[in-house]
Amino acid sequence: MKKTIKYFSFGLMSALALSSCSDQFLQDKKNFDNATTDIYNYYSGCIGRVNDIYSWCLPTTGDLSNGQNYLAVSMGNADVAAKSTEEYTGFSDFVNPEIELTSMDNNQVPDYFLGGGNGNIQTSTYGRIRNINDCIKGIQGGSLSEEEKEVLLGQVYFFRAWCYYNLVKWYGGVPLVEGTPDPVPSSFTPRSTTKETIDYILADLDRAAKMLAGKTLNGGWSGSDYGRVTTGTALALKGRVLLLWASPIFNRKNDESRWQTAYSLMKQELDSINRCGYGLYQTSSNVNGSDFAKQFLTVNANPEAVFVTLYNDVASDDGLDNQKNNRWERDVRPANTGGGGKYAGLPLIEMFPMADGKIPDMTKISAHDKAGKRSYQNTYSKLERSQYEYDENAPYMNRDPRFYRTFAFPGFRWAYVGDPTQRDAHNPSYNGGKDYVVWNYRWYVEADAAGNPENGNSYSADNLYTSNVGVYVRKKSDDNDLGTQLYAYEPLASKGAGPFFSQAPLIELRYTEVLMNLAEAACMAGHMDEAVGYLQQIRARAGYTAANNYGLQANLTGDQAACMSAILYERQIEFAYEGKRFDDMRRWMLFDGGARQPEGAPSTWTLTGWGGNTCTWLGFTPMNGQRRERIEFRTADKYGVGTAYWDGDPLVKAGVVRPDGVDFRQADIQTQLTTLKTWYSENLVAQVKNGDGQDSQHNLEYINFRPKYYLLGLSSGAQNANKGLPQTIGWQDYNNGGSMGTFDPLAE
């Protein structure tokens, strides 16, 4: 690096709250600005420095933006990553057929390389790395005991690896900056190869795991230290890195030794991860996927939370800089509770397993009337189709238990505690939220608008008015029926902030992923029987039993392609709205199967493994050429039109009585769902609406993820700040007049 370092601050920020339940972290507000190296001679100074690293490196609930984002992590919002998958609709810049991202002037590629560049060390990618290196140097040179140094350094080395992982997954090889170089041209660091970068990350993670072993291999951290990284955290991230290196994006020839190495190390190190207290979150009272839901709402001693960001429910900043809320609850809740609402894409709704664990047979469902066809109806063709018939008018019938913890339809209970009438007198109270039911069906004020997939001029029930969300995302929500309440509800909080101030933890790396990563490595290393065993464990927690082989088909142990397809399908379902799908689609090149190459790519970029096309080998319909639509439930034509007011509901005017909300606390939900289905058939119509874009002539447009997006180029800002860094193949070089890049992320 040579031009960015001059912007880096050499001061230290005050330690930010790490734990939602730790008074020590919340109240210890010592200011370390302009600190001297003398702080490293005291444990209080060193731990403050390490806490500062945590505060700026832990993942947050914000979006992965199109512009600069120093964390470069997606957490499940409708951001540039998730809107490139089946989870949401509406073209992101990565899949927009009308926009081609460039590294020059217009339609700039997102800059996850500088990731900030505004002069603030904490919001600059390499600023954080330099800060980490400075911390390492200070602790090493201080007078603490070797045991104290190791525990602190292990945490810091983990975060350096975390920072570099979030670079290598986008760019391949990047500069590996050692120490704290001065901001002069001679301190320039060139791009390393991808293998060198991967090896560097793995070395840091091994170092972190070893240093933290004495402190964390006996059940992990406890008390006020809960939430810190452990040996298990380091080894779990190591597994993810090994998987990335073995995946098609970097392993075009399918070098089986990479898979074997990943499998051997991950299997060998699973015991150490377990010894840190990690495991699948399970209770003895799992009802309709309640364990699956509660894993996101358990703050302390949560075995699922391998790498976690902790929050608090402080409703206002009292001057102590201690407000640290999880935004998810306020963003996901319906507007008549004070939230915003997230609109689920129809493809994921329809692809979710049925009650027998199999994928729905969409070939029996006709194409949408006026919207796009279900281009994904034959996807995952190597997986058996369900014996349950999919009902497009009642998609919630006979589904996987996780379905009901991922989506909310009209007529579903979604309890909370709070009085929304203080916010708006027209909001329904539902017993102070404790009996809240989502009734978000719509009506139109013009008769010819109801069947028009382009017309969005509709109004929703229960004072939702123009907040027209057809099917809500409810994944990770704090449903009060689960017996949890991790939020402080402030109905009069400003509309932008919302009334939910939540301390729900944000889990970036779950124990389920540890098993899923190992399953993938085992499958591709030829141990399909072991891979299936890990899938069975995950399915058991979801609510399946051995009676039907946990919903898995019988041939997975003998068919590698089918086994791998089942693993990717399970990842898509299990990790929905957790920010993982886009990375998986890039790793496995699921947008085109690796069939196309960017301009200037050498022959070594040609995918020769997996028969030359990962999508064909997996039986997965490429994402390119698809559309994602939405679904709503509107009032039946026999009720006529409504009016454009909060009380314009034609069903209410007709005296229609709603059924009780579906209560997932009851073991038998099929009777309730059948009652709801009958009510739907009498009063509502399922209507598919356009989700993705159209051109100026109203022709439907389709996803186009260009091959150069698998490995990003450096933006013009990043190149201008680093004149000596070569551009990635497939992208124009800003420093060389727009000629094509020469850096090969696949060269070892």
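**Exercise 1.** Determine whether Asp481 is buried or exposed, and identify its surroundings.

*Solution.* Asp481 has a relative accessible area of 17%. Buried means under 20%, exposed over 50% and partly exposed in between, with a 1.4 Å probe and protein chains only; Asp481 is therefore buried. The structure is a predicted model, in which local features need pLDDT of at least 70, side-chain atom pairs count only at pLDDT 80 or more, and totals for chains, interfaces and linings use all residues. Residues are numbered from 1 along each chain as its sequence is written, and side-chain values use heavy atoms, with hydrogens and water left out.

Next, consider the partners. Leaving aside neighbours within four places in sequence, Asp481 is in contact (heavy atoms within 4.5 Å) with Arg413, Ala415, Lys434, Asp663 and Arg665. The side chains of Asp481 and Arg413 are joined by a polar contact of 2.8 Å. A polar contact is a pair of N or O atoms within 3.5 Å; within protein, one must be able to donate a hydrogen and the other to accept it, and residues adjacent in sequence count only if both atoms are side-chain atoms.

**Exercise 2.** State whether Glu574 is buried or exposed, and name the side chain joined to that of Glu574 by a polar contact of 2.9 Å.

*Solution.* The relative accessibility of Glu574 is 0%, so this residue counts as buried. The side chain in question belongs to Arg510. Leaving aside neighbours within four places in sequence, the residues in contact with Glu574 also include Phe292, Gln295, Arg402 and Lys475. Between Glu574 and Leu235 there are 339 residues of sequence separation and 21 Å in space, C-alpha to C-alpha.
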